[in-house]
2 protein chains.
Amino acid sequence: MLFLIENEGMGSLTEENYIKSVYALSQATGEVIVSELAKKLHVKPPTVNSMMKKLALKKWVLYAPYKGIKVTEKGKKEALSIIRRHRLAELFLVNVMKLGWEEVHDIAEQLEHVESSRFYDRIDEMLGYPKFDPHGEPIPDANGKILNDKRIPLNQAKENATVKIVAVADDKKSFLDHLNDKGLKIGEKVFVKRKEAYDGSVVLVNKSKVELMITHQVAERILVEE
Amino acid sequence: MLFLIENEGMGSLTEENYIKSVYALSQATGEVIVSELAKKLHVKPPTVNSMMKKLALKKWVLYAPYKGIKVTEKGKKEALSIIRRHRLAELFLVNVMKLGWEEVHDIAEQLEHVESSRFYDRIDEMLGYPKFDPHGEPIPDANGKILNDKRIPLNQAKENATVKIVAVADDKKSFLDHLNDKGLKIGEKVFVKRKEAYDGSVVLVNKSKVELMITHQVAERILVEE
DNA sequence: TTAATTTGTTAGATATATCTAACATTTTAA
DNA sequence: TTAAAATGTTAGATATATCTAACAAATTAA
């Protein structure tokens, strides 16, 4: 029987989806704007507006008219709990259920809303308490702790430094294909030769000593370390 | 991304829960009444009333004012598809994820609404295309076909016949405990000694030759064969 | 067989999550 | 630096799923 009697702290499925997106989109700059959220969630701005008022009442976000949306510690905890469930679900679908990486995202999007710590604890156990998902994204533990948060978007890396690609912040096929075309893979090191002040594009040298240019848009979606 | 854009044939999570209950509760007599459904789903009768009008429009049920609710072929197909997902999920949680039988029902209740045939086909494959769940309940195949539908409620069995208990139509702990107390188990044979016309209770002789009486209420929840 | 009880229905209210249209503010560009 | 464009908000409408209160029909019992 599915009794979703909402406890104080809990959120509806809709609220869960919003806080997850707020958290994800505010990662880079510390906040996110209404139109960005609306686009991501495929709703209109007024819908986001009213939902943000609601989440602000629950103290999950800080929200003042015409100002950006910021996640509170409470909201972050919620978001990390959902992200944990999503990433564990993805890894489970790939490693245990042998589904293809490209087909698991939509299923994980549904599984992440399953209300059962037993279910997720068993998955965690079966996977051997993994710290990262196959994209290199860290999996928060049951307390919301994330190992290793020193990763930065490639566009924020210093010039003339060698960095390791540890994750991508976008798993759309078109994006992954683009990276493949450029010969960029998670785990590989690249040398940051130059960052163009003009358009934010980045010139890299890959491990085969080939020089290549990536746009700002792409660079900010590649997470690197060191 | 969770896009639950409802296709013509699809039902909302709520509609799925209703048709599943309509199907389950109408199994015995061919129909179910509003108050029974309301009780099962923990809603008030007017809620059931309006949902039945909706499902009647979708041609999932036949529903005339003050008459019982009957499932159509279309509704049965929907119900069986959900039941298939529920039973596969339960078996998966028990056999693959090693969760206890008593704790999987609520999780399966959530998993059954996951929209992904790939997910369920993989579960089916991993379980070796099982035909029955651990309660002895048959699992419909991907086309809604159920193997072996000769099962009848114990109260409909003939007197002076030996029948095999193949399933129970209620998995509440209190009910299962009651059966245990009576020494009745799935897979065991019992002799139907007498059916009381007065109150519908049934007198059985179990395999240890012990005579015992069960009420009509209990008898109609025990499914037997032969 | 009629009165009481049970069961079912209708009407109208509420909460959630969404929309469109109209208006307000902020940002960008001429 | 002001006009245009972009972005955000408010007000009010819609759909779903629920409720309560009042009434209607069917069933049961006196």
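Trainee: Which kind of oxygen of DNA strand D is 3.4 Å from an N or O atom in the side chain of B:Y66?

Mentor: A polar contact is a pair of N or O atoms within 3.5 Å, and within protein one of the two must be able to donate a hydrogen and the other to accept it, while residues adjacent in sequence count only if both atoms are side-chain atoms. For B:Y66, the partner of the side-chain atom is a sugar or linking oxygen of DNA strand D, at 3.4 Å. Phosphate oxygens of DNA strand D are reached by the side chain of A:K53, at 2.7 Å, and by the side chain of B:S12, at 2.7 Å.

Trainee: How should I read the numbering and the values?

Mentor: Residues are numbered from 1 along each chain as its sequence is written, while chains are lettered from A and ligands numbered from 1 in the order in which they are written. This is a predicted model, in which local features need pLDDT of at least 70, side-chain atom pairs count only at pLDDT 80 or more, and totals for chains, interfaces and linings use all residues, with side-chain values taken from heavy atoms and hydrogens and water left out.

Trainee: How many residues surround DNA strand D, and which are the closest?

Mentor: A residue is near a strand if one of its heavy atoms lies within 4 Å of it. For DNA strand D there are 22 such residues, the closest being A:K53, A:Y63, B:S12, B:T47 and B:K54. Of the atoms of DNA strand D that come within 4 Å of the protein, 82% belong to sugar and phosphate.

Trainee: Which helix gives the largest share of the surface near DNA strand D?

Mentor: Helices are DSSP runs of H or I with at least four residues, numbered from the N terminus. Helix 3 of chain B gives the largest share of this surface, with five residues. By class, the surface near DNA strand D holds twelve nonpolar, seven polar and three charged residues.

Trainee: What surrounds DNA strand C?

Mentor: DNA strand C has 22 residues around it, and the closest are A:T47, A:K54, B:N49, B:K53 and B:Y63. The largest share of the surface near DNA strand C, five residues, comes from helix 3 of chain A.

Trainee: At what angle do the axes of helix 1 and helix 3 of chain A cross?

Mentor: Axes are lines fitted to C-alpha atoms, and angles run from 0 to 180 degrees between N-to-C directions. The axes of helix 1 (residues 13–26) and helix 3 of chain A come within 11 Å and cross at roughly 95°, which makes the two helices roughly perpendicular, a label for 65 to 115 degrees.

Trainee: Is A:M97 buried or exposed?

Mentor: Buried means under 20% relative accessible area and exposed over 50%, with a 1.4 Å probe and protein chains only. A:M97 counts as buried because its relative accessibility is 0%. A:M97 lies in the loop between helix 4 (73–95) and helix 5 (104–111) of chain A, and its contacts, not counting residues up to four places away in sequence, include A:F92, B:F92, B:F119 and B:I123. In chain B, B:F119 and B:I123 are among the buried residues of helix 6 (residues 117–126), whose cover includes helix 4 and helix 5 of chain A.

Conventions: Ala, Val, Leu, Ile, Met, Phe, Trp, Tyr, Cys and Pro count as nonpolar, Asp, Glu, Lys and Arg as charged, and the others, Gly among them, as polar. Contact means heavy atoms within 4.5 Å. Angles under 35 degrees count as roughly parallel, over 145 as roughly antiparallel, 65 to 115 as roughly perpendicular and the rest as oblique.
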